[in-house]
Structures are given as structure tokens and as C-alpha cells.
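Me: I'd like to learn how to read a structure like this one, feature by feature. Could you walk me through it?

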Amino acid sequence: MLIMETASEVKLHVRWMIKADLASVLGIESKSFDRPWCEEDFCDRLRFRNAIGMVVDRNGTVCGYMIYMLDRGKIVVEKLAVHPDFRRQNVGKKMVDKLKSKLNENRRRKLELLVRETSVGAQLFFKEMGFRAIEVIRGHFEDEGVDAYLMCHELADTFSAAPDGEMPRNRIRIYL
Ligand SMILES: CC(C)(COP(=O)(O)OP(=O)(O)OC[C@H]1O[C@@H](n2cnc3c(N)ncnc32)[C@H](O)[C@@H]1OP(=O)(O)O)[C@@H](O)C(=O)NCCC(=O)NCCS
């Protein structure tokens with residue numbers, strides 16, 4: 001029997017990844033990447049003290065996941081993927097919103113990740129999420145001979161945070 005869900009019945013919840021999620025995560029991983037990580041790769045990465053894994057639970061089903069590292073001054077996203085059946089339904093955005101909520105002026109003020117030059121969909125997604133490509137890393141994905149784009153999202157700096165219509169004041173220039 002086909003059960004239709006209305007938009008108001010769909011609940012997306014981002015929570016910590018637990019061991020019981022691994023089978024779903026591996027399933028999404030294999031559908032999302034040409035060279036997917038295996039179980040050992042995930043376990044190895046999550047053993048690092050600064051590594052965090054989260055999943056998106058959609059009415060009890062894991063439909064997306066991310067792995068990120070808490071680094072000095074920034075958060076580096078290692079993996080972020082959504083099950084193909086649930087793409088274009090804001091699951092990816094929900095994860096990026098979660099990451100953005102972890103930024104703050106004093107500790108970590110930017111998000112960074114590497115995207116394959118061939119993953120145009122992912123590039124457009126991150127651009128839509130407010131990331132900019134800031135560097136090309138030649139041959140980063142050596143096994144495939146593919147370049148990577150370093151994409152970055154930073155908290156608005158004090159200049160762009162100036163109130164509407166007010167020019168930012170250069171407080172240093174008067175001393176030069
Ligand atoms: C990239 C990815 C995570 C996006 O997840 P998603 O849940 O489909 O994204 P969302 O629904 O939150 O998209 C939000 C907006 O981003 C943009 N966007 C997302 N995917 C896009 C695509 N393939 N092409 C163009 N724009 C895209 C759209 O503007 C979209 O809004 P819209 O659907 O109203 O037009 C998903 O396609 C994926 O898992 N890809 C394979 C794995 C991967 O490449 N991961 C990134 C590298 S680590």
C-alpha cells in the first residue's frame with residue numbers, strides 16, 4: 001500500500017550518528033560516491049576526538065549524514081550526502097544549517113570542504129548554501145586524476161555586518 005505523506009507530516013531531525021545507523025549510512029554512501037568509504041573508513045575517522053558524525057532522521061528513516069572535524073578556527077566537512085530518494089527536499093540544507101549554527105566569532109568562524117571538480121550538483125548546492133570556491137587543488141583526488149575545489153563559508157565579517165546603508169568605518173586608517 002502506498003502511503004502519501006503531506007509536507008507537514010515530514011519531520012527532519014538532525015542527531016548524533018550511532019553505531020546502529022552505520023548500515024543506512026553505508027547504503028547512502030555507496031549510492032552517492034564512485035569510491036565509497038567502507039565501514040572501517042567510517043570507524044577510523046570517527047575515532048578521532050575532533051570528528052563528529054550526524055544523521056538526518058526523517059520520520060524514523062536515516063536519509064542523510066555528515067562527518068565533520070572540529071579544527072582550529074574552522075569546521076572541515078569530510079562527508080555530506082543525502083539518499084537519492086530524498087534529494088531536493090531540503091535534507092542537505094538542514095545539515096548545512098546545523099553546521100552554520102555551530103559557528104561563532106570567537107572559536108570557529110568558517111566552514112570548509114573539498115568538492116570534486118566533476119561534482120557539479122554538489123558545487124551548485126554549496127553555492128546555494130552560501131559557500132564560495134576559493135582555491136583549486138590540482139590532482140587532489142589522485143586516484144581519479146581529478147582536481148578539487150576548496151569551498152568555504154565564513155561568518156559575515158564586521159564590514160558586511162554594518163547596518164543598512166551605513167558605510168563601514170575604517171578605525172585603523174586615522175593612525176596611518
Ligand atoms: C549535494 C547533496 C548533498 C544535496 O542534498 P539535497 O538534500 O538534495 O539538497 P537540498 O534539497 O537541501 O538543496 C537545497 C538547494 O540547493 C540547490 N541544489 C541542491 N542540489 C542541486 C543540484 N544537484 N543541482 C543544482 N542545484 C542543487 C538547489 O537550489 C536546492 O533548492 P531547490 O531544490 O529548491 O532548487 C546531494 O545531492 C548529495 O548527496 N550528492 C551526492 C554526495 C555529494 O556530492 N556530497 C557533497 C560532497 S561531500
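Reply: Gladly. Let's begin with how the chain connects to itself: among contacts between residues at least 6 apart in sequence, 53% join residues at least 24 apart. Keep in mind that this is a predicted model.

Me: How much confidence does the model carry, and where is pLDDT under 50?

Reply: Start with the whole chain, then look at stretches. The mean pLDDT is 89, and 86% of the residues reach 70 or more. Over residues 158-162 pLDDT stays under 50, and the model has four contacts beyond four places in sequence for them. Residues 167-176 are also below 50, with three contacts beyond near neighbours in sequence.

Me: Let's go inside. What share of the chain is buried, and which residues touch the most other members of the largest nonpolar core?

Reply: Of the 176 residues in the chain, 19% are buried. The largest nonpolar core holds 27 residues, and Tyr65, Met66, Val77 and Leu99 touch the most other members. At least two core residues come from each of helix H1 (22-32), strands E2 (51-58), E3 (61-71) and E4, helix H3, and strands E5 (110-116) and E7 (146-154). E3 supplies the largest share, six residues.

Me: Could we zoom in on one of those? What does Val77 touch?

Reply: Leaving out residues up to four places away in sequence, Val77 touches Met66, Tyr68, Leu99, Leu111 and Leu113.

Me: And how do I read a helix? Which residues of H3 are buried?

Reply: First the general idea: an α-helix has 3.6 residues a turn, so residues three or four places apart point the same way. Now the case here: Val91, Gly92, Met95, Val96 and Leu99 are buried in H3. These residues lie on the same side of H3 because they cover an arc of only 140° around the axis. The face turned away from that buried side carries the exposed residues Asp97 and Ser101.

Me: What covers the buried residues of H3?

Reply: The cover includes strand E1 (12-16), E2, E3, E4, E5 and H4.

Me: Now the ligand. How many residues surround the ligand, and which are the closest?

Reply: There are 19 residues around the ligand, and the closest are Arg87, Gly92, Lys93, Gly121 and Ala122. Strand E4 (74-82), helix H3 (91-101) and helix H4 (120-128) are the elements that give two or more residues to this shell. H4 gives the most, with five. Sorted by class, the shell has eight nonpolar, six polar and five charged residues.

Terms used:
Residues are numbered from 1 along each chain as its sequence is written. This is a predicted model: local features need pLDDT of at least 70, side-chain atom pairs count only at pLDDT 80 or more; totals for chains, interfaces and linings use all residues. A residue is near a molecule or strand if its C-beta atom, placed from the backbone, lies within 6 Å of it. Helices (H or I, at least four residues) and strands (E, at least two) are DSSP runs, numbered from the N terminus. Ala, Val, Leu, Ile, Met, Phe, Trp, Tyr, Cys and Pro count as nonpolar, Asp, Glu, Lys and Arg as charged, and the others, Gly among them, as polar. A nonpolar core is a set of buried Ala, Val, Leu, Ile, Met, Phe, Trp, Tyr and Cys residues joined through C-beta atoms within 7 Å. A residue is buried if 20 or more other C-beta atoms lie within 10 Å of its own, exposed if 12 or fewer, and partly exposed in between; C-beta atoms are placed from the backbone. Two residues are in contact if their C-beta atoms, placed from the backbone, lie within 7 Å. The arc is that of the directions from the helix axis to the C-beta atoms. pLDDT is the predictor's confidence in each residue, from 0 to 100.
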